[in-house]
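Hi everyone, thanks for coming.

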Amino acid sequence: GDVNRFEIVARIAEVSATRYTPAGLPVVDCQLEHDSTLEEAGTQRKIHLLLKSVAMGTMAEKMIHMPLEKLCRYTGFLASTQKSKSVIFHIQSIHTDN
């Protein structure tokens, strides 16, 4: 089938106040921050990125109570809004590794 699964270890750089969809579902917008060193084409490359993300429903509630700066493993999928072509990561699960 169609594969759209994204996983990243990151911390919350910022998180918005809760908003609600017309159906009453809680939504939070957030920026995830990721740092790592990866190998690319035989050389070590330092990665630093901010990832525009969104969490809905129970995930939104979880994000609000998540301590900033805590490294977690986030999984979900990538999408764009109708208005903007930029990618937004939709968080479906959060794992604290320790």
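Let me start with a term: accessible areas here come from the Shrake-Rupley method with a 1.4 Å probe. For this protein, which is a predicted model, the accessible surface comes to about 6700 Å². Carbon and sulfur atoms account for 54% of that surface. The C-alpha trace spans about 50 × 30 × 25 Å along its principal axes.

Now the fold. You can find one helix and six strands, and from the N terminus on they run β-β-β-β-α-β-β. Among contacts between residues at least 6 apart in sequence, 50% join residues at least 24 apart.

Let's go inside. Of the 98 residues, 31% count as buried. The largest nonpolar core has 17 residues, and those that touch the most other members are Leu 32, Met 63, Tyr 74, Phe 89, Ile 91 and Ile 94. Which elements supply at least two residues each of this core? They are β1 (6-15), β3 (26-40), β4 (43-56), α1 (58-64), β5 (72-80) and β6 (87-95).

Take a look at Phe 89. Leaving aside residues up to four places away in sequence, its contacts include Phe 6, Ile 8, Leu 32, Leu 51 and Tyr 74.

One more residue: Arg 11, in strand β1. Is Arg 11 buried or exposed? Buried means under 20% relative accessible area, and Arg 11 has 18%, so it counts as buried. Among the residues that Arg 11 touches are Glu 33, Asp 35 and Glu 69.

Finally, the charges: the mean positions of the 11 positive and 11 negative ones are 3 Å apart.

Definitions and conventions:
Residues are numbered from 1 along each chain as its sequence is written. This is a predicted model: local features need pLDDT of at least 70, side-chain atom pairs count only at pLDDT 80 or more; totals for chains, interfaces and linings use all residues. Side-chain values use heavy atoms; hydrogens and water are left out. A nonpolar core is a set of buried Ala, Val, Leu, Ile, Met, Phe, Trp, Tyr and Cys residues joined through side-chain atoms within 4.5 Å. Buried means under 20% relative accessible area, exposed over 50%, partly exposed in between (1.4 Å probe, protein chains only). Helices (H or I, at least four residues) and strands (E, at least two) are DSSP runs, numbered from the N terminus. Contact means heavy atoms within 4.5 Å. Lys and Arg count as positive and Asp and Glu as negative; His and the chain ends are not counted. The place of a charge is taken as NZ of Lys, CZ of Arg, CG of Asp or CD of Glu.
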